[in-house]
Amino acid sequence: MNRSRPMSLRGKSRGFTLVELLVVIAIIGILISLLLPAVQAAREAARRSQCSNNLKQIGLAIHEYQDSMQALPIGLSQPPTVPANWSTCGSGPYNTWPARLFPYLEQQNLAWDFNYGYATCGYDPINGPAMSTWISSYLCPSDTPDGFQGTTRLASRSNYVACFSPDGTMVEPGAPWKIDGCNNLAFLNPAKQRALFNVNLSRRLVECTDGLSNTVMISEAIAGQQGDIRGMWWYPWGMQYEHHRGPNSPIPDAVGGGPAYCYSTTDAPCSVSAACQSTIDFAARSKHPLGVQVLRADGSAQFVANAIDLATWQAFASISGSEAVTVP
């Protein structure tokens, strides 16, 4: 007599016990914890690659600008004739190098009137739309700036700044450059500096006698939060940096104009000593681990470690110092 179990019982499998289920969950948790750093590293690598591509696009635009204008864009300048309707601003309008690159970055829709520039007396109805437009080519995906006090008014920021000085030497020329009443706000003296960009200074790449691959043009910057002027591409001083200190220096950046212009954070420290501080000193900074990316004068991008020797870092910014530059 066949006493075998019914088919419905013979095919029935035993389920997981509570202990087995907990073990499986623990294993899955361990695997996720092991994979998470790798996923984050992969995402950062992708962001850094996009940032590098942005720098190369800016480099291509700068080279195209020189081919067209027979000179590099001026770092910071005032219009040839200051419009009369800005005479009550306390300072004349300003034009910066990023605005000059719009036609070469497929940003022709961002019309910029160089007869007006940006005036410090407030919102500019002429160039205001451009100053409120976020430009993807000027943004590193690893940084998330919140704009000018978190609003769309004058909100646009940039993570890419031009090198204005190898060593940060400052002078007080008594020139007509004023920011919030600082009649003698110091700026970098073009006659004493050997960087590619500066105030009222237009160079050519042929002046890089140290070699294009041995000269830096542009670096990353962490765009300042709230009212911080760092990274304001349309604002004087916000679109430049110096090699006085190394990349991501723990020493706070010196910001002129008073406390409203400095919003200190752990990775972008800054300090002000008075309402009319006579020093502007911004270091290269980025949200990438262990270093910053820079754009060489030959149009190539390179990652530079925070630990780079300071003398090498400063020689990298000089266009004609005859220094031997080997950037690992």
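Residues are numbered from 1 along each chain as its sequence is written, and side-chain values use heavy atoms, with hydrogens and water left out. Because the model is predicted, local features need pLDDT of at least 70 and side-chain atom pairs count only at pLDDT 80 or more, while totals for chains, interfaces and linings use all residues.

The cysteines were examined for disulfides (a pair of cysteine sulfur atoms within 2.5 Å). A disulfide is a covalent bond between the sulfur atoms of two cysteines. The search of the whole structure returned one. C262 and C270 form this link, with their sulfur atoms 1.9 Å apart. The link of C262 and C270 is right-handed, with 105° about the S-S bond. Both C262 and C270 are buried. Here buried means under 20% relative accessible area, exposed over 50%, and partly exposed in between (1.4 Å probe, protein chains only). C140 has its closest cysteine sulfur in C51, at 3.6 Å, which is too far for a bond. C140 is buried, with a relative accessible area of 4%. C163 is buried as well, at 1%.

The structure holds one cavity of 30 Å³ or more. A cavity is a set of points, on a 1 Å grid over the protein atoms alone, where a 1.4 Å probe fits but cannot get out. The largest cavity contains about 70 Å³ of space. It is lined by 13 residues, and A221, R230, D253, F282 and A283 are the closest to its centre. Lining residues have an atom within 4 Å of a point. Volume is the space filled by probe spheres set on the points, which are joined across faces, edges and corners. The lining comprises seven nonpolar, three polar and three charged residues. Ala, Val, Leu, Ile, Met, Phe, Trp, Tyr, Cys and Pro count as nonpolar, Asp, Glu, Lys and Arg as charged, and the others, Gly among them, as polar.

Strands are DSSP runs (E, at least two residues), numbered from the N terminus. Strand 8 spans residues 291–296, and six of its six residues are buried. G291, Q293 and L295 point one way; V292, V294 and R296 point the other way. Two strands pair if DSSP finds at least two bridges between them. Strand 4 (residues 216–220) pairs with strand 8 in the antiparallel sense over three bridges. In this pairing V216 stands opposite R296. Strand 9 (residues 301–305) is also antiparallel to strand 8, over five bridges. V292 has V304 of strand 9 as its bridge partner. Strands 8 and 9 form a hairpin with four residues between them. In the turn, G299 has a positive phi of about 95°.

Terms used:
On a 1 Å grid over the protein atoms alone, a cavity is a set of points where a 1.4 Å probe fits but cannot get out, and a pocket is an open set with protein on both sides within 12 Å along at least five of seven lines; lining residues have an atom within 4 Å of a point.
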